[in-house]
Amino acid sequence: MVPLSWYVALSSVLFLIGLVGVLIRRNIVIVLLCIEIMLNAVNINFVAFSKYQHVIDAQIFVFFVITVAAAEVAIGLGIIIAIFRLRETINIDEFNILKF
Amino acid sequence: MLPYLLIPLLPFAGFLLVGIFWPYFRGKGHWITVPLVTLSWVFSVRAFMVTLNGPPLHFVLYNWIHSGHFDASISLMVDHLTATMLVMVSTVSALTHLYTVGYMKDDSGYDRFFAYISLFTFSMDMLLLSDNLLELFIFWEAVGFCSYILIAHWYERKPSWVAANEAFIMNRVGDFGFLLGIFLTYSVFGTLDYQTIFRQIPAHLNDTIVAFSAFHGTTPYSVMTVIALLLFVGAVGKSAQLPLHTWLPNAMEGPTPISALIHAATMVTAGIFMIARLSPIYNASPAALHVVAWTGALTAIVAATIALTQRDIKKIVAYSTMSQLGYMVMACGIGAYGAGIFHLLTHGFFKALLFLGAGSVIHSLSGEQDVFRMGGLSKYMKITFVTMLLGSLALSGIPPFAGFYSKDLILSNAFHDGSLGHILWLIGVVTAGLTAFYTFRLVFMVFSGKERFAQDGHHGHAPHESPLVMTLPLVLLSLGAIFGGLIGEHYDVVGFLSQDMSIPHFALRPELSDSALKIISVVAGGLGIALAYLFYGRSSNVPAMLANGLRPLYLISLNKWFFEELYDNVFTRPTIFLSYLLWKELDKGVIDMAVNGVASFCQNSGGAMRRLQTGQLQNYALVMALGLFGMVSLFLFMK
C-alpha cells in the first residue's frame, strides 16, 4: 500500500504548483485553473486521510469541494468573459484599478 | 391674598403680553403696561393703608422646594417695611413708565423697553415681598438681570453693552459673597425663613467658625459676623458701595428712564433694604455694623468728591446717587435702619426726579450730555427747570424739602453714636456740603449763564420743553421732593418702620437732632450752594484757577480716584494677559499641537501605507500565502 506521506507529498507539490501559478501567471484563465489545482490538492489530502483513518466524512466533504469548484469555475469564467469584453485583454496586470 | 398678589402680578402680566406679542404692538406697548403698573400702584397704596394700622400679613403662595429638612416657599410678606417700600417703588415705576412714553418715542426697541421695565417692576416687588433668603436671592438676581438687559437696551452701541457687562460682572462678585452668606446661614440655622432665623439668633450669638480652614487657619470668627459681612458683600455690589461701585456711573449708558427707576430709586436700594430686612442678624454683630458704617461713610464722601468735576450730566447725578446710598448704608451701620429707609424713600423721589429732569434736558438737546455744552436752558424749559431746582434743593438738604429731614435724621443719629459717630457725622456734614455744591454746579451750568450748546449746528432745532407725558411725572415727583420729608416727619415714618426693626445699641428711638446740629448741616448745604453760585452762577475763572492750583486733587477727582485704572491694571489686564498666554501658548501650543500631531501622524502614516494597496491581485495573494506560511510555521515552531 502506498504510504500516506506519498499522498501528502503529492498533494503538497500540486498545491505549490497551483499557488505559484496563481502568483506568477499573467493569463487570468491560467490563474483560475491554478486555483482549481489547489482545490484538488486539498481533495487528495482529504481522501488520503479518509482512507487511512477510516473516516468517511472527509470524502463527503470532497464532494462539496468539487461542487463548489464547479460553480466557481462557471462564475469565474463568466466574469472573465465579461472583463474581456470590457477591457479587451485577459492580462491580470491590467486589472489593477482597485487601489488608492 | 389676591390684592397683594396682584401688586407684582400686574406688571408681570404686562411683561408677558408686551414681551410675547411685541411685534404686534408697533409702539403701542404703553397702552398695556402703563395701566397695569398704575393698577399695581393702586394695590400697593391699598396694602400700605391696610398695614398702616394692622399687623404684618403673610401668605404662602406655594411650597416650592421640599427636600429633607429643607423647605423653601414662594410667599408674600407684607409688613410695614415692605408696604412702605412698595408704595415708593410702584410710584416711581408708574411715573417712569409714563415718562418713557415721551422719552423713548420713535425708539426702535420701544415695546421691548416697556416689557423689560415691567419685568423689572415685578421682580422688585417680589424682592420686597419675599419672606425667605432664597426668594430674596432669586429676585435679587432677577432685578440684576433686568438692569443688565436695560443698560444694554441700545445694544448696537459698544459703550452700552460694555457698561451692561460691567454691571453684570461687578454684581456677580457681590452676589458670590451674598450666596456664600446664604449658604452659611442655612448651615448654621438650618432654614432660610426670616422669622425662624431671627428667633434662633440668640442661640447662635457665641458660635464661632474657622473661616480659613481651607488654608489651615485656626482663628475662630464669630459666625454672626461672618454671615453679616458675607451678606453685606452682596449689598456692596448691588448698592454700588466702595469698592464695587464703578458699574453704577458707567450704567448711565442706558436710557435715562432706567437710570431713574433702576439705578437711582429702586434696584440699587435693594442692598439697603436687605440690611434693614435682616437687621436682627446685623444687630447680632457689632463688628459687622462697624464695617457697614465705614463703608457707607467712605462711599458717601468719595462719590461726592468725584461728582465735583464730572462733565456728564447723568454721571454727576449717578455719583450723587452713590453718595446718598453711602448715607443710607452708613445709617444702617449705626443701627438707624429707620432713618436709612426714610432717606431711601425721600431719595427715591427726588433722585428719580433729578434723573428724569436730566433726561428731559438731554431729550431737548437731542442727546447732548455734557454740562459744559448746555446753559441758559431755564427760559426754554420752565417746568423742567423748576422741578429740577426743587429736586436739587431736596438733595442738598435745604429745609423744608424732603432730603433735609431724612439726611438730618441720619446725621443726628450718627452724632449720637459715640465718639466714632462724631467722625461719621463729620464725614456726613462735609459730604452734605459737597453734595450741595456739585448739585447746584449742575443746575447753574445747565439752566443759567450763556447758551453754550450748538445754536444751529447739527441739532437742527432750538431746545424745547418736553411733552406733557414727560413733564407730568416731573411735577408729580417734585411734589414728593417737596412734601415727602415733611409728611414722613409728621407721621413719624421712622417710628412706623421701627416696628419691624430692632435698634441695636441705644434703646432710645432716634429723635431729630438738636437745633445746633440741624443748623450746621443746613449751613454746610447753604455754603455749598453759595460756592456753586460764585463759581458757576456767574462767569468766573475761579474753577479754572482751582483746577490748576490744586492739580493733583483735581486729577484725583476727575479720574474718579483711579478706581477704574486700578481695576484695569490689577484685574482686567492680568486676566486678559493670562488668557492671551493660555490661548497662544497653552491652547495653541500644547493642546492643539497634541491634537493636530495625532491627526497628522495618522494622515502621514496612512499616506505611506496606502502605497501597499497596488490593486494587483497577485500581490495580495502573495501576501496572503506568505502570511499563511508564516502563521503555520509559527504554529509548528511553538509546538
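How do helix 17 of chain B and helix 18 of chain B lie relative to each other, roughly parallel or roughly antiparallel? I took this up as my opening entry, keeping in mind that the model is predicted.

**Entry 1: helix 17 against helix 18**

I looked up the axes of helix 17 and helix 18 of chain B and found that they come within 7 Å and cross at roughly 155°. An angle over 145 degrees counts as roughly antiparallel, and therefore helix 17 of chain B and helix 18 of chain B are roughly antiparallel to each other.

Next I listed who meets whom. From helix 17 of chain B come B:Lys407, B:Ile410, B:Leu411, B:Ala414 and B:Phe415. Their partners in helix 18 of chain B are B:Gly421, B:His422, B:Leu424, B:Trp425, B:Gly428, B:Val429 and B:Ala432. Sorted by class, this contact has eight nonpolar, three polar and one charged residues.

**Entry 2: helix 17 against helix 21**

I then turned to helix 21 of chain B, residues 515-537, which packs with helix 17 of chain B, residues 402-415. Here I noted an angle of about 125° and axes 10 Å apart. That makes helix 17 of chain B oblique to helix 21 of chain B. The crossing of these two helices is right-handed.

Which residues of helix 17 of chain B meet helix 21 of chain B? I wrote down B:Asp408, B:Leu411, B:Ser412 and B:Phe415, facing B:Leu517, B:Lys518 and B:Ser521 of helix 21 of chain B. By class, I get three nonpolar, two polar and two charged residues for this contact. I was pleased to spot B:Leu411 and B:Phe415 in the contact with helix 18 of chain B and again in the one with helix 21 of chain B.

I checked the peptide bonds next. The bond from B:Leu242 to B:Pro243 is cis, with omega near 0°. B:Pro243 sits in the loop between helix 8 (223-238) and helix 9 (247-250) of chain B. Another cis bond joins B:Pro399 and B:Pro400, with omega about 5°. I placed B:Pro400 in the loop between helix 16 (382-395) and helix 17 of chain B.

Is B:Ala240 buried or exposed? I counted it as buried, because 30 other C-beta atoms lie within 10 Å.

B:Lys560 has a positive phi too, about 60°, and is not a glycine. I found B:Lys560 in the loop between helix 23 (551-558) and helix 24 (563-609) of chain B. B:Lys560 is buried as well, because it has 21 other C-beta atoms within 10 Å, and 20 or more is the cut-off.

**Entry 3: nonpolar cores**

The largest nonpolar core has 191 residues, and B:Met330, B:Ala352, B:Val446 and B:Ala481 have the most contacts inside it. Helix 18 of chain B, residues 418-447, gives this core its largest share, 16 residues. Another core lies apart, with five residues, among them A:Leu19, A:Val22, A:Ile28 and A:Met38.

**Entry 4: chain A meets chain B**

How many residues does each chain bring to the contact? I noted eleven from chain A and ten from chain B.

Key: Residues are numbered from 1 along each chain as its sequence is written. Chains are lettered from A and ligands numbered from 1 in the order in which they are written. This is a predicted model: local features need pLDDT of at least 70, side-chain atom pairs count only at pLDDT 80 or more; totals for chains, interfaces and linings use all residues. Two residues are in contact if their C-beta atoms, placed from the backbone, lie within 7 Å. Axes are lines fitted to C-alpha atoms, for helices over the stretch in contact, and angles run from 0 to 180 degrees between N-to-C directions. Helices (H or I, at least four residues) and strands (E, at least two) are DSSP runs, numbered from the N terminus. Angles under 35 degrees count as roughly parallel, over 145 as roughly antiparallel, 65 to 115 as roughly perpendicular and the rest as oblique. A crossing is left-handed if the near helix is turned anticlockwise from the far one by less than a right angle, and right-handed if clockwise. Ala, Val, Leu, Ile, Met, Phe, Trp, Tyr, Cys and Pro count as nonpolar, Asp, Glu, Lys and Arg as charged, and the others, Gly among them, as polar. A residue is buried if 20 or more other C-beta atoms lie within 10 Å of its own, exposed if 12 or fewer, and partly exposed in between; C-beta atoms are placed from the backbone. A nonpolar core is a set of buried Ala, Val, Leu, Ile, Met, Phe, Trp, Tyr and Cys residues joined through C-beta atoms within 7 Å.
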